Each structure stands twice: as C-alpha cells, then as structure tokens.
Amino acid sequence: MTKIRITKIFHFEMAHALIDYNGLCKNIHGHSYQLEIRVSGNIDQHPDPSKKGMVMDFSDLKEIVEEHIIQQYDHALILNDKSNPELIKQLKANYQKILIVNFQPTSEQLLVDFAQRLTKQLPKYVTLHSIRLSETQNSYAEWYAEDNL
Ligand SMILES: [Zn+2]
C-alpha cells in the first residue's frame, strides 16, 4: 500500500466585506481566489478497476469541487448576516448570488465551510488532506485535517 496526495487547483472571483473590522476589508471589494484541494489515499484501493493506480480521478475531484464550492461562490457577494438588513434586502432584490452567512467571510472561515462541504461529498476511498485558499498572490490560509482531528 502506497499513500499519495493529489492536488487540484481552482480559481474563482468573489466579493466580500468584513463586518466590525477596522481596515480596508470593511468595504465591499473582490478577490481573485485560488483554491487548492489536496486529498490523500492509497494508489491501489480505487473501487473502480478502470481507475486502477489512481488515488482519485482528477476529473471526479473537479466535479465535486465545482458543484459544491465554485458554483456557489464564483461571482458571488458574501456578507455576514449581521450586516444592515435594509442593504441585504436591496442587494437581494437587485442581484443574484448574494450569499448571507453566519460567519465573518474571511479566508479562514471560508476554509472551515469548504472543509465541511468537501468532507460530506468526497468518496470514502480518499481523505481530505488540506485546503489552501489564496486571497492575493502573497496571502493564503490553510486548513489541515491533522490540525483538526
Ligand atoms: Zn478581502
């Protein structure tokens, strides 16, 4: 048995604003996010014989991440549910993809949300190893399964 980690990289555009924060990120603004999803598994345990030698088919991983993360968040505006209710109402009346969440939409909190979504969706023959979310070219946050046992 040989354990291998595989990684797939995604890009999406999203706007957010941080509530009760003193700094530029209190304003509505956008990022070009880079998302790296890493799973680990044994190369000889894929249940589908046509995928022998794979930890997981990259295209299967892509499909799960596209459906459960990218399609939800790409070109969305994400705001905390404590934001001005009148503003939320107006935004929802005028735009699609206004996501109201019960957490501060930082990279760190997004990672927690992504990890929960993926843990539910990934097939049993792989383990979510880690997720890296880059907000800018030189800032990223990481979630590691081993840190959160
Ligand atoms: Zn930001």
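Two residues are in contact if their C-beta atoms, placed from the backbone, lie within 7 Å. Keep that rule handy for the exercises below.

This is a predicted model, in which local features need pLDDT of at least 70 and side-chain atom pairs count only at pLDDT 80 or more, while totals for chains, interfaces and linings use all residues. Residues are numbered from 1 along each chain as its sequence is written.

**Exercise 1. Work out the order of the elements.**

Step 1: Helices (H or I, at least four residues) and strands (E, at least two) are DSSP runs, numbered from the N terminus.
Step 2: The protein has three helices and six strands.
Step 3: Starting at the N terminus, they follow the order β-β-α-β-α-β-α-β-β.

**Exercise 2. Describe how α1 and α3 pack.**

Step 1: Find helix α1 at residues 58–73 and helix α3 at residues 107–121; their axes are 10 Å apart, at an angle of about 135 degrees. Axes here are lines fitted to C-alpha atoms, for helices over the stretch in contact, and angles run from 0 to 180 degrees between N-to-C directions.
Step 2: Classify the angle: under 35 degrees is roughly parallel, over 145 roughly antiparallel, 65 to 115 roughly perpendicular, and the rest oblique. The pair α1 and α3 is therefore oblique.
Step 3: List who meets whom. Ile64, His68 and Ile69 of α1 meet Phe114, Arg117, Leu118 and Gln121 of α3.
Step 4: Sort the residues of this contact: four are nonpolar, two polar and one charged. Here Ala, Val, Leu, Ile, Met, Phe, Trp, Tyr, Cys and Pro count as nonpolar, Asp, Glu, Lys and Arg as charged, and the others, Gly among them, as polar.

**Exercise 3. Is Leu133 buried or exposed?**

Step 1: A residue is buried if 20 or more other C-beta atoms lie within 10 Å of its own, exposed if 12 or fewer, and partly exposed in between.
Step 2: Leu133, in strand β5, counts as buried because it has 22 C-beta neighbours inside 10 Å.
Step 3: Set aside residues up to four places away in sequence, and Leu133 touches Tyr33, Leu35, Ser107, Leu110, Leu111, Tyr140 and Ala141.

**Exercise 4. Explore the largest nonpolar core.**

Step 1: A nonpolar core is a set of buried Ala, Val, Leu, Ile, Met, Phe, Trp, Tyr and Cys residues joined through C-beta atoms within 7 Å.
Step 2: The largest one holds 20 residues, and Ile37, Val39, Leu111, Ile131 and Leu133 touch the most other members.
Step 3: At least two residues of this core come from each of β2, α1, β3, α3 and β5.
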